[in-house]
Amino acid sequence: MDKHFIKVENLAVDYQTRQGTLRALDNISFSVAEGEFLTLVGPSGCGKSTLLRVLAGFVPIAAGSVIVKSEPVVGPHYSRGVVFQQANLYPWFTAQGNVEFGLKARKIAQQEREQMAESMLKLVGLWDFRNAFPYELSGGMQQRVSIARSLANHPEILLMDEPFSALDEFTRTQLQEEIKTIWQKQNQTIVFVTHNVDEALYLSSTIIVMASKPGRITEIVKPTFNQHESALTAREVRSLPEFLDKRNHLINLIEDAHIAAFGNERQ
Ligand SMILES: Nc1ncnc2c1ncn2[C@@H]1O[C@H](COP(=O)(O)OP(=O)(O)OP(=O)(O)O)[C@@H](O)[C@H]1O
Ligand SMILES: [Mg+2]
């Protein structure tokens with residue numbers, strides 16, 4: 001197993017704004033092993049999406065290096081699949097058409113495309129809806145299609161930016177369990193962003209806590225209860241003493257970072 005599947009060293013990212021140059025990320029260093037479920041948490045504006053977009057190859061870097069499988073990231077690539085907060089499916093394609101779209105663009109033969117789409121739609125529980133158009137699907141189902149679309153490319157890394165935050169609590173829990181199963185079964189490397197500490201703790205093998213101004217890492221937390229082979233249910237995980245300890249710790253860290261960034265409204 002490659003311990004440095006993703007290796008970020010002394011990364012800095014600048015945005016040009018009307019007020020001048022904004023350093024969105026500064027001095028970011030971490031490594032992600034193959035098959036890890038890494039989650040980024042931290043207050044709004046600390047640079048979580050920016051970091052994810054750097055890994056996707058959408059944002060140029062100002063300093064440092066971002067290496068995936070020994071190669072520097074220089075732009076987007078289908079081997080790094082991205083799932084955003086909103087599903088952004090093509091409205092004129094069916095669920096299956098959406099899943100096949102990227103494969104078609106890569107000139108994968110029709111038969112292979114269909115097989116891939118079938119197995120991915122089955123994996124996310126939407127095979128019966130393969131002929132439905134996005135407007136005929138609920139938000140949660142659309143998000144499932146977008147996950148299937150990303151997985152169909154067999155991405156080496158799945159990058160997910162608050163993928164479940166627009167969903168109701170029940171659908172969210174269901175998709176959390178699905179993505180965790182996918183992670184466990186396929187040894188998929190995942191980088192995930194969330195505001196929700198419980199979600200981070202339920203899913204991740206590593207949690208990076210960030211603070212802002214400039215966006216930086218304050219702590220790396222490693223829950224020991226989320227392993228590939230772990231058979232604990234969400235309920236069991238939530239009542240572990242380690243879960244409760246780490247939950248308190250993370251909430252305190254994020255609250256401190258929030259107060260540092262925005263001040264304490266209760267004062
Ligand atoms: N395209 C852009 N141009 C200029 N500034 C940007 C751009 N995108 C993000 N920023 C700034 O960079 C900083 C980090 O933004 P980013 O979206 O990465 O934060 P975030 O942690 O994802 O926040 P949230 O939790 O609200 O999604 C913020 O100060 C933001 O205003
Ligand atoms: Mg964001």
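Visitor: How much space lies in the second largest pocket?

Guide: Rolling a probe the size of a water molecule over the atoms shows where empty space is left. In this predicted model, the second largest pocket holds about 190 Å³ of space. Its lining has 13 residues, and E36, S205, T206, N226 and Q227 are the closest to its centre.

Visitor: How many nonpolar, polar and charged residues line the largest pocket?

Guide: The lining of the largest pocket counts nine nonpolar, six polar and three charged residues.

Visitor: A cavity is a separate entry. How many cavities of 30 Å³ or more does the structure hold?

Guide: A cavity differs from a pocket in that the probe fits but cannot get out. The structure holds one cavity of 30 Å³ or more, and the volume of the largest cavity is about 30 Å³. V124, R144, I147, L175, E178, I179 and I182 line it. Both α4 and α5 (169-186) give two or more residues to that lining, and α5 has the largest share, with four residues.

Visitor: What is the lining of the largest cavity by class?

Guide: Five nonpolar and two charged residues line the largest cavity, with no polar ones.

Visitor: Now the ligand. Which residues come nearest to ligand 1?

Guide: Start with the shell, then go to single atom pairs. The shell around ligand 1 has 14 residues, of which S44, G45, K48, S49 and T50 come nearest. β1 (6-17), β2 (20-32) and α1 (48-56) each supply at least two shell residues; α1 gives the most, with three.

Visitor: Where are the polar atoms that an oxygen of ligand 1 approaches?

Guide: Separate backbone from side chain when reading such pairs. On the backbone, a polar atom of C46 is 3.3 Å from an oxygen atom of ligand 1, and a polar atom of G47 is 3.0 Å from an oxygen atom of the ligand. In the side chain of S49, an N or O atom is 2.8 Å from a ligand oxygen atom.

Visitor: How much of ligand 1 does the protein bury?

Guide: Ligand 1 exposes 640 Å² when taken alone, and the protein buries 61% of that. By class, the shell has seven polar, five nonpolar and two charged residues.

Visitor: Last, the chain as a whole. Why does its radius of gyration agree with that of a compact globule?

Guide: A compact globule of 267 residues would have a radius of gyration near 18 Å, and the chain has 19 Å, so the two agree. Along the principal axes, the C-alpha atoms fill a box of roughly 55 × 45 × 40 Å. The secondary structure comes to eight helices and 10 strands.

Notes. Residues numbered from 1 in each chain as written. Chains lettered and ligands numbered in written order. Predicted model: local features only at pLDDT ≥ 70, side-chain atom pairs only at ≥ 80, totals over all residues. Heavy atoms only, no water. Nonpolar A, V, L, I, M, F, W, Y, C, P; charged D, E, K, R; others polar. 1 Å grid on protein atoms, 1.4 Å probe; cavity = no way out; pocket = protein on both sides within 12 Å on 5 of 7 lines; lining within 4 Å. Points joined across faces, edges and corners; volume = space filled by probe spheres on them. Near = heavy atom within 4 Å. Polar contact = N/O pair within 3.5 Å; in protein donor to acceptor, adjacent residues only side chain to side chain. Areas by Shrake-Rupley, 256 points an atom, 1.4 Å probe, with all protein chains shown as cover. Rg over C-alpha atoms; globule rule 2.2 N^0.38 Å.
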